[in-house]
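Please look over the sequence and the structure before reading on.

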Amino acid sequence: MNTITKSNDQNRASTKLLMTVLVLSSLLAAITVDMVNPVLSMISESLKASKAQVSWVVSGVALVLAIGVPLYGRMSDFFELRKLFTFATSILTLGSLICAVAPSLSVLVFGRMVQGAGMSAIPILSVVAISKVFPEGKRGSAFGVVAGCIGIGTAFGPIFGGVVGQIWGWHALFWITFILSLLIVIGSIYALPPIKPTVEGNDERRFDLVGGSLLGLTAGLLLFGVTQGESAGFASSSSLGSLLGSLVCLIGFIWRIRTASKPFVPPLLFKNRVFVNSLVVAFFSMFAYFAVLVFVPLLIVEINGLTPGKAGLTLLPGGAAVALLSPWVGRISDRVGTKPLLIVGLIIMGISTLFLSSFASGASPILVSIGVMGVGIAVAFINSPANNAAVGALQKDQVGTGMGLFQGALFLGAGTGAGIIGAFLHARRDAPESLNPLYTLDAIAFSDAFLATTIAVIIALFAAFGLRNDKKGSNSANLFQ
C-alpha cells in the first residue's frame with residue numbers, strides 16, 4: 001500500500017513539474033512573439049531602418065512559426081519528446097542571444113527567425129506531451145492552463161515590451177528572454193518524461209523530408225504572400241508570385257502524400273471529417289481573434305486619438321478573460337464535452353465582432369473594450385476544447401502529425417487574418433457608407449473590417465457543428481506511457 005502511495009505521489013510531483021515547464025515555456029513564447037511591437041519605432045531609429053524593413057522583426061517570426069509547427073509535430077513521431085523539446089528551447093535561447101547582441105537589422109531579423117524556429121516547437125510539443133501524459137478525462141484542464149498562459153502572454157507581451165524597452169532599451173528584452181529560455185532548457189531536461197517516439201524500427205523510421213518541405217513552403221509562401229498583399233497590394237509581383245508558389249507547393253504536397261510509401265502526413269487524416277472540421281475551426285477562429293488584436297489598437301489610435309500605450313490597454317480585458325476563464329473551461333470540457341463549449345464560444349465571438357462592427361467602431365474606447373472582452377471570453381471557450389476535440393479525433397499514432405497540422409492552422413489563421421483584414425481595411429478607407437446596415441458612425445473602414453471578421457467566425461461555427469461531442473469521464477492513468 002505504501003509503495004502504491006509513494007508511486008502516486010511521485011507521479012503527481014512529476015506531473016506538476018511537467019506542467020510548470022510547459023506553462024512557463026508557453027508564457028515565454030507568447031510574450032516573445034508580441035513584446036517587440038511597442039519598440040519597433042525604437043528599433044527602426046536605432047538600426048536606421050525603414051518601417052517596412054523593421055516590420056520583418058515581426059513577420060519573420062510568423063513565417064517560421066507557420067513552417068515550424070507542423071514540422072515539429074511530425075518530428076515528435078520520430079524523436080523522443082524530451083530531447084526534441086530541449087533541442088527546440090536551446091534554439092530559442094540561441095536566437096535570443098543573437099537578438100540581444102545584434103548590431104544590425106539583418107542580424108536582428110535572423111535572430112528573430114532563429115527564435116521562431118525554437119518557439120514553434122513549444123505549442124505543438126506541449127499539446128503532444130499533455131495528450132500522451134494525461135488520461136482523456138483530465139486533458140481539458142491541462143490544455144486550459146496552457147491556453148490561459150498563452151492568453152496572458154498575448155495580452156501582456158506588448159506591455160512588457162513597452163515598459164522594459166522604455167526603461168532599459170530594446171536589447172534588454174532579448175537578454176531577459178535569453179536568461180528565461182536558458183532556465184527552461186535546464187527545466188525541460190528534468191521535467192519532461194522519456195516518452196518514446198511513435199515510429200520505431202529501421203524500416204519505419206524514414207522522415208519524409210520532401211513532403212515536410214512542401215508543406216512548410218505551402219504555409220510559408222501563403223503567409224508571405226498575404227503579408228506582401230497587405231503592404232504592397234495583392235496585385236504586386238511579390239504577393240502574386242508567393243501565392244502562386246504556395247499553390248504549386250500545395251499541389252506538390254498533395255501528390256507527394258498520395259504517392260510516397262511513408263508520407264509526411266498520412267492521407268487518412270484528411271478523410272477524418274471530425275479532424276478536418278477541427279482544422280477549419282482553428283484556422284477561422286484565430287483568423288478573427290488576431291484581426292481583433294491587431295486592428296483594435298489601430299482603431300483607437302486613428303479614430304479616438306489615444307496614444308499607442310493607452311490603445312494597448314483596450315486589449316487587457318480580452319487578455320484577462322482568456323487567462324482567467326481558460327483553466328475553468330478546460331476543466332468543464334472534460335465533463336460536458338467539447339462541442340457545446342466550442343459552439344457557445346463561437347457564438348459569443350460572432351456577437352462580439354458584430355458589436356465592434358455595428359456600435360463600437362468610432363465610439364467610446366470603453367465600448368471597444370467591451371467588444372474585445374467578449375472576444376477574449378470566446379477564445380477561452382474555444383481554445384482548449386478545440387485542442388481536445390482535435391486530439392480526440394486522432395489515433396494514438398496520429399497525434400504528433402495531426403496536432404502539428406492543427407497548431408499550424410492556428411498560426412496560419414492568425415497570420416492570414418491580420419493580412420487579409422488589413423488589406424480589406426485599406427481598400428475600404430474611402431468608402432462612402434458601411435457594408436453594415438446597422439452602422440451609423442464615421443469609422444466606416446473599421447466597421448467593415450470587423451464585419452468581414454464576423455463572416456470568418458460564422459464559417460468556424462458551421463464547422464463546429466460537424467464535430468462530435470467527445471465527452472470523456474475516464475480517470476484511468478496512462479502517465480508517461
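The notes below are grouped by topic. The model is predicted: local features need pLDDT of at least 70 and side-chain atom pairs pLDDT 80 or more, while totals for chains, interfaces and linings use all residues. Residues are numbered from 1 along each chain as its sequence is written, and side-chain values use heavy atoms, with hydrogens and water left out.

**Helices H12 and H15**

- Helix H12 (residues 273-302) packs against helix H15 (residues 339-360) at an angle of about 35°, and their axes are 11 Å apart.
- Helices are DSSP runs (H or I, at least four residues), numbered from the N terminus; axes are lines fitted to C-alpha atoms over the stretch in contact, and angles run from 0 to 180 degrees between N-to-C directions.
- H12 passes H15 in a left-handed crossing (the near helix is turned anticlockwise from the far one by less than a right angle; clockwise is right-handed).
- H12 contributes Val281, Ser285, Ala288, Tyr289 and Val292 to the contact, and H15 contributes Leu342, Leu346, Met349, Thr353 and Leu356 (contact means heavy atoms within 4.5 Å).
- By class, this contact of H12 with H15 has eight nonpolar, two polar and no charged residues (Ala, Val, Leu, Ile, Met, Phe, Trp, Tyr, Cys and Pro count as nonpolar, Asp, Glu, Lys and Arg as charged, and the others, Gly among them, as polar).

**Helices H4 and H7**

- Helix H4 (residues 56-75) and helix H7 (residues 121-133) pack at about 35°, with axes 8 Å apart.
- The crossing of H4 and H7 is right-handed.
- The contact involves Val69, Tyr72 and Gly73 of H4 with Ala121, Pro123, Ile124 and Leu125 of H7.

**Salt bridges**

- The count comes to two salt bridges (a side-chain nitrogen of Lys or Arg within 4 Å of a carboxyl oxygen of Asp or Glu).
- Glu302 and Arg429 meet through their side chains in a salt bridge, 2.9 Å from N to O.
- Glu302 lies in helix H12 and Arg429 in the loop between helix H17 (399-427) and helix H18 (444-464), so the pair ties together parts that are 127 residues apart in sequence.

Note on methods. Helix = DSSP H or I, 4+ residues; strand = E, 2+ residues; numbered from the N terminus.
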